[in-house]
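Here is a short report for a reader who is new to this structure. Take a look at the model, then read on.

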Amino acid sequence: MKKQIILFTLLSFCFGKVRVVTSTTDLADIVKTIGGDRVTVTSIARGNQDPHYVEILPSYMFKVKKADIYFMVGMELDLWAKSIIDGSRNRHIDVVDCSIEIEKMEIPTGTVDARMGDIHRFGNPHYWLDPKNGKRIAKLIAEKLTNAEPKSSDLFRKNLDAFNLQLDKAILDWEKRFVNLQGKKLIYYHNSWPYFSNYFGLETVEFLEPKPGITPSPAKLNHIIQRIKSDDIMVIASESYFSDRVPKFIASKTGVKTVKLAQSVGAMEGADSYIHLFETNLKILSQAFGVEHD
Amino acid sequence: MLQKLVGGLIFSGILFSQTMANPQFSIVGDLVMDQLQKDPNLSSSGIEIAVQGYVNPFARADVYLHKHNDDSPIELEEAVITVERGLPFGFGLRAGKFRPDLGKINKDHVHLFPFIEAPKGISMVLGEEFYAATGLEVNWLTPLPWYSNLSVGYFNSDISSHDHGEDVSDHIDHDHDDVHFDGEQDNEEKQATAFSARWSHFIDLNEVNHFEFGTSYYTDYEKSFGGADFKYKWRPNKYRSLTIQGEMIQFELGDKHEEKTVHPKEVLTAGYLLVNFQFNKAWNVGVMGDYWDFDLADIYSMDPSIFIGFSPAEESAVLRIRIGQVANDHEGHHEKYLKTTAQLIWSLGPHKPHRY
């Protein structure tokens with residue numbers, strides 16, 4: 001009898017885990033932190049991949065086929081997720097939009113159409129780049145994991161509390177160490193950073209893309225070069241998946257510093273967890289601006 | 001009646017375009033310029049109207065209408081309901097008029113191709129706009145440890161009832177007593193039902209290398225074909241990819257009556273091989289070899305082409321250029337020409353000219 005109980009326990013630990021698939025590595029990292037050894041988690045998009053465009057591969061559908069929960073970013077960032085979920089033929093999967101509890105930025109008013117480029121109707125979807133939103137995402141993930149496996153609710157609650165505590169500590173630390181970044185002006189390649197800039201007090205002056213998703217034109221580059229010279233802008237920051245070609249060209253004309261930032265967990269060396277994502281980006285920016293940090 | 005239906009769809013698309021529960025409404029249009037033997041020609045294949053949306057949490061409906069750039073009426077290309085997550089044991093279902101899961105490219109609309117024109121050999125079998133029929137198709141995700149899908153379909157019309165760009169019978173040696181292909185004749189007498197089947201597999205070699213392959217089979221009262229296809233894709237990042245894709249079909253044209261073959265069969269072997277390289281966000285370039293061969297008639301052709309694509313922003317507009325050899329039968333002579341084609345495709349809405 002004892003042997004049977006041990007075998008059952010072992011089997012339930014091996015095969016009874018909550019199977020989770022996420023759209024991005026940021027969500028996957030938070031799921032892993034909250035779920036611990038009670039979950040298996042896979043991200044569809046890689047960290048260094050543009051989450052707007054993910055080719056819909058049948059192998060992704062295969063990953064979702066036996067999943068219990070799918071966490072998506074929402075706000076039309078990962079529209080591709082719907083086709084993957086449909087193609088999986090998984091009738092029982094719980095599809096969770098992680099943007100539901102988020103205070104959204106840049107919600108367009110009036111008519112939204114292709115003249116505005118790749119604009120998102122429900123607001124800027126890069127909300128995970130505000131650490132406070134990380135706490136909101138984690139709370140939602142804990143709730144959904146608890147629904148899927150109520151018997152592990154204590155573990156999920158404990159891990160959520162630990163995650164919040166760790167993030168709160170990190171936030172306090174960043175606010176002290178990187179205070180000198182506040183008010184610094186910079187140019188981004190794509191508008192992925194309003195939540196990040198807003199939280200850490202950075203001032204976004206321009207984007208290299210004339211409209212979201214549109215390749216910079218010569219006229220736009222000329223305008224950027226003039227703006228850098230007139231406003232004494234020191235840094236151009238781009239997502240890790242963009243080519244260096246355009247920022248380097250502008251740097252050759254103006255002397256501006258160009259850096260790449262990690263837009264997601266795993267995008268760059270050092271950004272190997274949700275908390276380290278911010279740490280990595282803040283260090284890169286403080287070095288680029290030449291401000292002190294410990 | 002169809003025009004009223006289209007009008008209603010367009011009106012409702014516009015009316016509900018700002019609501020959350022609307023179907024997605026798209027239009028794809030094009031302009032084609034081609035030059036064959038110093039005769040430049042401007043044309044358009046008209047517009048394709050796509051209305052797509054969820055019927056309920058488990059089923060989707062897709063309607064595609066095509067208005068050719070002439071006096072012909074609006075054509076219903078597809079109107080299909082797809083049940084993807086509503087059935088147990090990994091089963092899916094498509095019902096209505098649609099393009100069966102048959103070969104690698106039959107399911108794709110022409111504007112999704114990087115190479116402008118459908119491969120001639122394949123279109124001799126499936127029709128210039130490929131095979132779409134009214135019927136039912138059951139799909140099953142098999143319990144193999146990789147993505148493996150088996151599709152079986154039953155349809156009310158066969159491949160000969162569709163527009164074939166160049167009729168296969170044009171190429172057959174009619175003096176050969178043993179060879180018979182009756183094209184459109186005796187249509188009323190025929191039981192124009194057809195079965196199709198396809199088994200496809202998709203394997204991740206690693207994060208950036210993928211390989212898929214499949215086998216297909218089709219049969220109706222008279223004709224049958226079997227085919228095999230493969231696609232290899234290397235995609236290290238968003239804007240860079242290499243695709244190698246090929247497909248081969250062996251098509252038995254012979255008559256069948258009472259389920260018995262009564263004439264020796266003419267066999268058409270058709271296929272293509274393409275290599276497409278996307279080297280940055282906007283540009284791609286590729287080569288394609290298009291092959292077909294009638295066994296008894298002893299006619300074959302191998303036509304190479306190169307193609308270039310440019311999509312300036314978000315793939316809502318794509319410019320393509322193709323330079324390739326085409327085979328023409330002119331006054332009994334089988335001649336080959338160089339043809340240059342340029343195509344501008346634009347789209348409104350989520351149904352794009354090219355799919356990522």
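## Helix H5 of chain A

This is a predicted model. Start with H5(A), which has 18 residues. At 1.5 Å a residue, H5(A) should span 26 Å, and its end C-alpha atoms are 26 Å apart, so the two values agree.

In H5(A) they are A:Pro131, A:Asn133, A:Gly134, A:Ile137, A:Ala138, A:Leu140, A:Ile141, A:Ala142, A:Lys144 and A:Leu145. An α-helix has 3.6 residues a turn, so residues three or four places apart point the same way.

## The sheet of chain A

Four strands of chain A form an open sheet. Their order is S2-S1-S3-S4, and they pair in parallel. Which strands stand at the edges? They are strand S2 (39-43) and strand S4 (94-97) of chain A. Each has a single partner strand, so one side of each is left without a neighbour in the sheet. From one strand to the next, the twist averages 20°.

Strands of a sheet pair through backbone hydrogen bonds, either parallel or antiparallel. Strand S1 (residues 18-22) of chain A pairs with S2(A) in the parallel sense, over five bridges. A:Val18 stands opposite A:Val39, a residue in S2(A).

H2(A) lies across S1, S2 and strand S3 (69-72) of chain A. Relative to S2(A), H2(A) runs at about 170°.

## Two domains in chain A

The domain assignment divides chain A in two. Domain 1 covers 2-100 + 113-173, and domain 2 covers 179-289. The C-alpha centres of these two domains of chain A lie 28 Å apart.

## Where chain A meets chain B

The contact between the chains takes 22 residues from chain B and 22 residues from chain A. Which elements give two or more residues to the chain B side? They are strand S9 (194-204) and strand S11 (224-237) of chain B. By class, the side of chain B that touches chain A has seven nonpolar, six polar and nine charged residues.

Notes: Residues are numbered from 1 along each chain as its sequence is written. Chains are lettered from A and ligands numbered from 1 in the order in which they are written. This is a predicted model: local features need pLDDT of at least 70, side-chain atom pairs count only at pLDDT 80 or more; totals for chains, interfaces and linings use all residues. Domain bounds come from an automatic or database domain assignment. Two residues are in contact if their C-beta atoms, placed from the backbone, lie within 7 Å. Ala, Val, Leu, Ile, Met, Phe, Trp, Tyr, Cys and Pro count as nonpolar, Asp, Glu, Lys and Arg as charged, and the others, Gly among them, as polar. The expected span of a helix is 1.5 Å times one less than its number of residues. A residue is buried if 20 or more other C-beta atoms lie within 10 Å of its own, exposed if 12 or fewer, and partly exposed in between; C-beta atoms are placed from the backbone. Two strands pair if DSSP finds at least two bridges between them. Axes are lines fitted to C-alpha atoms, for helices over the stretch in contact, and angles run from 0 to 180 degrees between N-to-C directions.
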